[in-house]
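Hello,

Here is the structure I promised to pass on to you.

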Amino acid sequence: MTSKKIVLVGAGSVVFTQGFIMDLIEQKNGQRWHLALVDTDADVLKGMQRLCEKMIAAQGSDLQLSCSTDRRDVLSGADYVVSTIGVGGRRAWEQDVFISRKYGIFHPVGDSVGPGGISRAMRMIPAVVGLVEDMMVYCPRARFFNYSNPMTAIVRATIKKTGFPVIGLCHGVKNGQRRIARFAGLDHSRTTALAAGVNHMVFMYDLRCDGKDAWPRIREQLERSKGAAESEIGPLSRSVIETYGVYPVSDDRHYSEFTEESMLEGRYYGKTLGIDAYSFEGTIEYGDRVFADSMRLASSDTDLPEDFFQRFDGEHEQLIEIIDSLEKDERKIYHVNMPNGHALPELPADAVLELPAAAAASGFKALQLHDFPRNLYAVIHKHVEIVEKTVEAGLRGDRDLFLEAIMMGGYITDEAQASALTNELIEAQKRYLPQF
């Protein structure tokens with residue numbers, strides 16, 4: 001059997017790479033794979049290569065592995081290319097968040113919207129555009145999946161600049177569907193959902209269990225759990241369900257960043273985002289620890305522990321399923337980030353939205369969601385416009401557009417302060433900003 005080739009750019013994203021390797025190894029349909037790992041850090045790449053080799057050997061897999069610090073060495077012949085890159089890594093990410101804090105803006109994540117997310121976009125847009133431009137030379141027929149954040153801005157910028165069909169993948173809807181099902185005491189495997197929005201602000205408006213409307217059950221559980229000390233559903237997301245009858249699938253950790261009032265000090269239900277609610281330092285510490293543990297496992301002479309191969313949820317979890325649906329024209333439905341077309345008819349056709357789409361041999365076909373709640377269009381349109389401004393700033397290297405994008409979010413209203421914040425973010429990240 002002829003093997004298919006997939007190139008993973010950003011192999012140092014340890015959790016994704018580990019989970020995806022496991023999925024490739026465990027694939028049951030008989031397809032043979034050649035996986036090429038790419039990372040610009042030679043030491044990181046060497047560690048991930050060693051870890052992957054140990055996984056392949058432990059499972060007796062026929063997965064073929066190759067590696068390079070230069071993607072142009074391995075792109076030729078690729079059927080699929082996947083990006084998980086994070087330009088500057090966690091150290092640059094910290095600067096996005098910590099500098100924003102100096103100006104009174106508290107990010108719990110800082111990878112999608114607000115000053116931190118916009119700053120990240122300035123680094124990421126040139127990098128992913130450059131990757132796709134190389135694909136157009138070395139593997140023009142390959143399918144490209146982006147997992148890097150800020151998802152919406154990256155996908156929009158890359159399509160706008162290159163015209164190449166880019167699909168952004170995130171497990172937010174799948175994860176949110178699991179979460180809301182648990183909250184309501186439902187079997188997740190028996191539920192179905194429809195959701196739409198911009199990545200990390202995606203509203204699940206249709207949820208069913210065994211084909212029956214699940215919202216009455218959810219509202220009952222909301223009423224029963226009022227005042228509970230612990231809840232799977234954050235207080236901001238609870239208020240959205242109660243007010244609009246929809247669920248923001250990424251829950252409060254991400255959704256709070258789209259509500260500028262929440263990111264001011266002490267304004268998130270008496271707490272401060274990124275500090276005593278969804279600790280940003282805790283996220284960074286966890287990432288550093290997981291990476292260090294993986295590198296130790298890679299360099300040791302001992303076998304991988306038995307629990308290493310236990311299944312876990314994560315961004316990687318649907319990729320092989322999606323590829324199977326594309327290869328076999330199964331037309332299964334997945335929520336993906338792609339141009340709107342006419343799926344949400346009151347939003348621009350070229351706006352990148354997270355939508356349910358059929359994965360077919362001829363590409364992704366978005367469902368037409370003419371029953372999507374009309375009262376949510378305005379908030380989505382606001383962020384579509386911010387993304388468009390961010391994309392123009394990232395593609396042109398335009399400092400004034402960068403400032404305008406920050407001001408449009410409403411997180412900071414004093415133009416002099418916003419200007420100082422913009423200058424400080426650019427200065428801190430300048431080695432990663434070739435366009436400025």
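The axes of H7 (residues 215–224) and H8 (residues 235–244) cross at roughly 130° and come within 11 Å. Axes here are lines fitted to C-alpha atoms, for helices over the stretch in contact, with angles from 0 to 180 degrees between N-to-C directions. Helices are DSSP runs of H or I with at least four residues, strands are E runs of at least two, and both are numbered from the N terminus. The crossing is left-handed, a term for a near helix turned anticlockwise from the far one by less than a right angle (clockwise would be right-handed).

Two quick notes on provenance: this is a predicted model, where local features need pLDDT of at least 70 and side-chain atom pairs count only at pLDDT 80 or more, while totals for chains, interfaces and linings use all residues. Residues are numbered from 1 along each chain as its sequence is written, and side-chain values use heavy atoms, leaving out hydrogens and water.

Which residues in H7 meet H8? They are Trp 215, Ile 218 and Leu 222, facing Arg 238, Ile 241 and Glu 242 in H8, where contact means heavy atoms within 4.5 Å.

The other pair is H12 and H13 (residues 399–408), whose axes lie 8 Å apart at an angle of about 160°. H12 is therefore roughly antiparallel to H13. This crossing is left-handed too. Among the H12 residues that meet H13 are Lys 382, Glu 385 and Arg 396, and the H13 side includes Leu 401, Phe 402 and Met 408.

On a 1 Å grid over the protein atoms alone, a cavity is a set of points where a 1.4 Å probe fits but cannot get out, a pocket is an open set with protein on both sides within 12 Å along at least five of seven lines, and lining residues have an atom within 4 Å of a point. Points are joined across faces, edges and corners, and a volume is the space filled by probe spheres set on them.

The largest cavity has a volume of about 190 Å³. It is lined by 20 residues, with Ser 112, Val 113, Phe 258, His 383 and Val 387 closest to its centre. H4 (114–138), H5 (151–162) and H12 (377–396) each supply at least two lining residues.

The second largest pocket holds about 340 Å³.

Best wishes

Notes:
Angles under 35 degrees count as roughly parallel, over 145 as roughly antiparallel, 65 to 115 as roughly perpendicular and the rest as oblique.
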